[in-house]
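Please open the structure in a viewer and keep the selection tool at hand.

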Amino acid sequence: MVMSHIGIIGGSGVYTLLEKTKVVDVDTPFGRVKEVRTGTIGGIDVVFLPRHGSGHSIPPHRINFRANIFALHKLGVERIMSTTAVGSCHNQMPPGSLAILDQFLDFTKNRITTFYEGDEGRVFHVDMTTPYCPEMGKLLLEEAKSVTNREVFPEVTYACMEGPRYETPAEINAIRVLGADVVGMTNVPEVVLAREKSMCYSSLALVTNWAAGMADSPLGTTEVVELMKKNIEVLKSVFSRVIDRLPEERGGGCDCAKALDDAEI
Ligand code: HPA
């Protein structure tokens, strides 16, 4: 099995970034993850996992997040970079902007958000003070700024909704008051499960639309995917530049690897 230290979770199309690609299915205790691509970027081993399945067929509320993260961990991934489409709740953050996620608010309802079910007779609460890897976040910010002349926002707060429906304007007003800058449906529990496996997790979000009630017309059903596709080249070049700059060893700029250090598990 190919072992890789870097994983990319993203939408269809981003995997064309990889050279010498192999497609593998990965068995996990939570089910089989199909069509994971392994390959290299600039000589560095990278795994690509399409969050919504290879043909974009799995809706957010049915994604098998535990299987996905377990599969990446099994392949040796220590650092994950993800792409995610978001709506903007923030007047100064228009569609087309890029955002580096820093905090999240969890409004999901029906997802299993942990690997630790108490089966070992112990309870474990993972720390979420710094949910997104600061070392990767810094590099993503710098490289996103250097490859594009659009606005790149640091320290962005993401609200994760259950979906698959979009929000009501009242919900958007409410989450804005609570501190959300952008809204999406997939970062939770992905970011949480990655930390439970002591992995670094970072997210480069593309603002695809104004959130509900903020634009003149309602959001179309295909708009988000279309915009994501149009921006693949930008996302790809940011990722390859970050991969190029990542120090081989973790720990210099983050504590993600120590997530389980004080856990009695
Ligand atoms: N709401 C929720 N998820 C999203 C949106 C949105 O407006 N845009 C892209 N993903």
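Select Asn-209 together with the ligand: an N or O atom in the side chain of Asn-209 is 2.7 Å from a nitrogen atom of the ligand. This counts as a polar contact, that is, a pair of N or O atoms within 3.5 Å. The model is a predicted one, in which local features need pLDDT of at least 70 and side-chain atom pairs count only at pLDDT 80 or more, while totals for chains, interfaces and linings use all residues. Residues are numbered from 1 along each chain as its sequence is written, and side-chain values use heavy atoms, with hydrogens and water left out.

Next, select the backbone of Ala-85 and Gly-87. A polar backbone atom of Ala-85 lies 3.3 Å from a nitrogen atom of the ligand, and for a polar backbone atom of Gly-87 the distance to a ligand nitrogen is 3.2 Å.

The shell is made up of Ala-85, Val-86, Gly-87, Tyr-166, Glu-167, Val-183, Gly-184, Met-185, Thr-208, Asn-209 and Val-224. Six of these residues are nonpolar, four polar and one charged, with Gly counted as polar and Tyr as nonpolar.

Colour the strands next (DSSP runs of E, at least two residues; helices are runs of H or I, at least four). Strand 5 (79-88), strand 8 (182-184) and strand 9 (200-210) each give at least two residues to the shell. Strand 5 contributes the most, with three.

Turn to the space itself. The ligand takes up the largest pocket, which holds about 890 Å³. A pocket here is an open set of points on a 1 Å grid over the protein atoms alone, where a 1.4 Å probe fits, with protein on both sides within 12 Å along at least five of seven lines; lining residues have an atom within 4 Å of a point. Among the 43 lining residues, Ala-85, Tyr-166, Met-185, Val-224 and Val-225 are the closest to the pocket's centre. Besides strands 5, 8 and 9, helix 5 (223-230) and helix 6 (232-245) give two or more residues to the lining.

Finally, visit the backbone. Most residues other than glycine have a negative phi, and most peptide bonds are trans. Gly-163 and Pro-164 are joined by a cis peptide bond, with omega about 0°; Pro-164 belongs to the loop between strand 7 (152-161) and helix 3 (169-177). The bond from Val-188 to Pro-189 is also cis, with omega near 10°, and Pro-189 is in helix 4 (residues 187-196).

Conventions: Near = heavy atom within 4 Å. Polar contact = N/O pair within 3.5 Å; in protein donor to acceptor, adjacent residues only side chain to side chain. Sits in = over half its atoms within 2 Å of the grid points. Points joined across faces, edges and corners; volume = space filled by probe spheres on them.
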